[in-house]
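Take a moment with the sequence and the model below. Then follow the text from one element to the next.

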Amino acid sequence: MTLIVQPDTSSIQAAAESLAAGQLVAVPTETVYGLAADATNPAAVAKIFAAKGRPANNPLIVHVASSKAIEAWAKIESNWLRNVCQAAEALWPGPLTIVLPKRETIPDAVTAGGPTVAVRVPHHPVMQQLLAACPFPLAAPSANRSNSISPTRAEHVAQSLSDHVAMILDGGSCQYGVESTVIRPTERGVEILRPGGISKEQLQQHFELAEATTLITEAVSDKVQDRHQGVPNSSLPSPGMLSKHYSPAKPIVFVDQWNADQVPARSVARISFSSLSADEASRFCWHRAASESGDLNQVAHQLFDFMRQADNSACQLIVVDRCVRTGMGAAIMDRLDRATR
Ligand code: TXA
Ligand code: MG
């Protein structure tokens with residue numbers, strides 16, 4: 001049985017005790033809900049992989065209360081790396097994750113046997129209070145079954161993971177609605193492994209970006225995934241960027257890929273990024289505008305919830321808008337590229 005609980009001092013303390021006892025707790029963050037465990041407890045971390053059906057070769061993000069806590073878990077020994085971490089102070093707490101050389105204090109289960117650990121300082125007040133109540137960092141992937149849509153509301157978590165968690169702390173709907181930006185510092189500059197809540201344009205204000213980023217392409221990732229299925233592996237830059245991801249159960253296409261002769265509007269769930277005329281909207285079996293005005297922060301905030309609602313509608317096909325690939329648009333299009341494959 002699942003408990004969606006309102007966060008207050010006593011429920012947050014109870015969550016910290018469940019985590020200390022090796023159980024999983026679903027937590028709100030400013031990006032998406034996370035499925036948290038004590039990052040120093042390999043048995044607890046193993047429960048995350050089992051609950052999500054996540055391949056063991058896909059490492060987890062470790063969440064800490066403040067950047068000061070990072071050096072207990074990661075090695076920041078060279079000057080260039082120290083400079084990157086200092087620059088990150090401007091964006092932390094917030095939706096930024098940095099891949100760093102790991103210390104022995106982080107078990108291999110968290111990093112999929114690899115030599116690096118991804119760390120993030122989240123700013124959601126409930127997550128901050130929980131981290132303050134825990135004498136350990138929290139390993140937490142998004143709180144969804146592997147390859148499905150990340151949860152942005154407590155109810156989304158309850159729909160798929162209720163049998164696996166001690167409780168779900170309800171922090172309301174997540175502000176950003178897309179996951180954190182994952183970066184990897186190198187001596188040549190910072191590489192973006194996953195576009196997310198912090199845009200490339202924001203990163204450029206604080207870091208030297210490496211020219212070629214190493215986003216895994218679909219062709220490469222499928223081969224790599226086949227070869228490494230279930231095998232701990234440190235050679236993938238960011239194993240989570242595999243091709244099929246963020247998928248609703250129903251087929252989903254961009255609006256320009258939709259053939260209305262094959263699937264008429266009355267069988268389509270339509271997600272637009274600005275308002276449609278009443279006439280146009282009424283043609284569809286279901287319609288929501290993620291923003292009235294095309295504001296991409298609003299679109300990101302609503303997108304995953306609307307993808308779930310569209311999936312649950314009577315539609316045969318989900319049809320979604322495209323947007324520019326700048327600012328928040330880069331993360332939105334990254335997720336939709338994966339969903340529409
Ligand atoms: O916003 C977020 O980042 C959310 C919230 C809960 O913090 N978490 C999240 O976790 O999205 P997850 O597990 O769904 O995605 C983490 C991504 C994956 O693509 C994973 O492969 C990558 O980060 N990652 C984790 N550790 C890594 C490492 N050591 N090196 C490279 N990539 C890593
Ligand atoms: Mg995820």
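At roughly what angle do the axes of helix α1 and helix α5 cross? They cross at roughly 55° and come within 9 Å of each other. Helix α1 covers residues 9–20, and helix α5 covers residues 125–133. The pair counts as oblique because of that angle; under 35 degrees is roughly parallel, over 145 roughly antiparallel, 65 to 115 roughly perpendicular, and the rest oblique. Axes here are lines fitted to C-alpha atoms, for helices over the stretch in contact, with angles from 0 to 180 degrees between N-to-C directions. From α1, the contact uses Ile12, Gln13, Ala15, Ala16 and Leu19. From α5, it uses Val126, Gln129, Leu130 and Ala133. Contact means heavy atoms within 4.5 Å.

A word on the basis of all this. The model is predicted: local features need pLDDT of at least 70, side-chain atom pairs count only at pLDDT 80 or more, and totals for chains, interfaces and linings use all residues. Residues are numbered from 1 along each chain as its sequence is written, chains are lettered from A and ligands numbered from 1 in the order written, and side-chain values use heavy atoms, without hydrogens and water. Helices (H or I, at least four residues) and strands (E, at least two) are DSSP runs, numbered from the N terminus.

Now turn to strand β5, residues 96–101. The rest of the structure largely encloses β5, because 5 of its 6 residues are buried. Buried means under 20% relative accessible area, exposed over 50%, and partly exposed in between, with a 1.4 Å probe and protein chains only. Strands pair if DSSP finds at least two bridges between them. With β9 (residues 181–186), β5 pairs in the parallel sense over 3 bridges. There, Leu96 has Thr181 as its bridge partner. With β6 (residues 116–120), β5 pairs in the antiparallel sense over 5 bridges. Ile98 stands opposite Val119 of β6.

Strand β6 also holds Val117. This residue counts as buried because its relative accessibility is 1%. Beyond four places in sequence, Val117 touches several residues, including Trp73, Ile98 and Ile106.

What gathers around these strands? The largest nonpolar core has 48 residues, and Ile70, Leu96, Leu203 and Phe207 touch the most other members. Such a core is a set of buried Ala, Val, Leu, Ile, Met, Phe, Trp, Tyr and Cys residues joined through side-chain atoms within 4.5 Å. Among the elements that each supply at least two residues are β5, β6 and α3 (79–88). A second, separate core has 30 residues, including Ile149, Phe304, Ile318 and Met333.

Further along comes an open sheet. Its 4 strands follow the order β11-β14-β12-β13, with parallel pairing. The edge strands, β11 (252–254) and β13 (286–289), each pair on one side only. The twist averages 20° from one strand to the next. Strands β12 (residues 268–272) and β14 (residues 317–320) are joined by 4 bridges. One of these links Ala269 to Ile318.

Helix α10, residues 296–312, lies across β11, β12, β13 and β14. It runs at about 175° to β13. Helix α11 (residues 328–339) packs with α10 at about 25°, their axes 9 Å apart. The two helices are therefore roughly parallel. Their crossing is left-handed. Phe304 of α10 and Ile332 of α11 are among the contact residues.

Notes: A crossing is left-handed if the near helix is turned anticlockwise from the far one by less than a right angle, and right-handed if clockwise.
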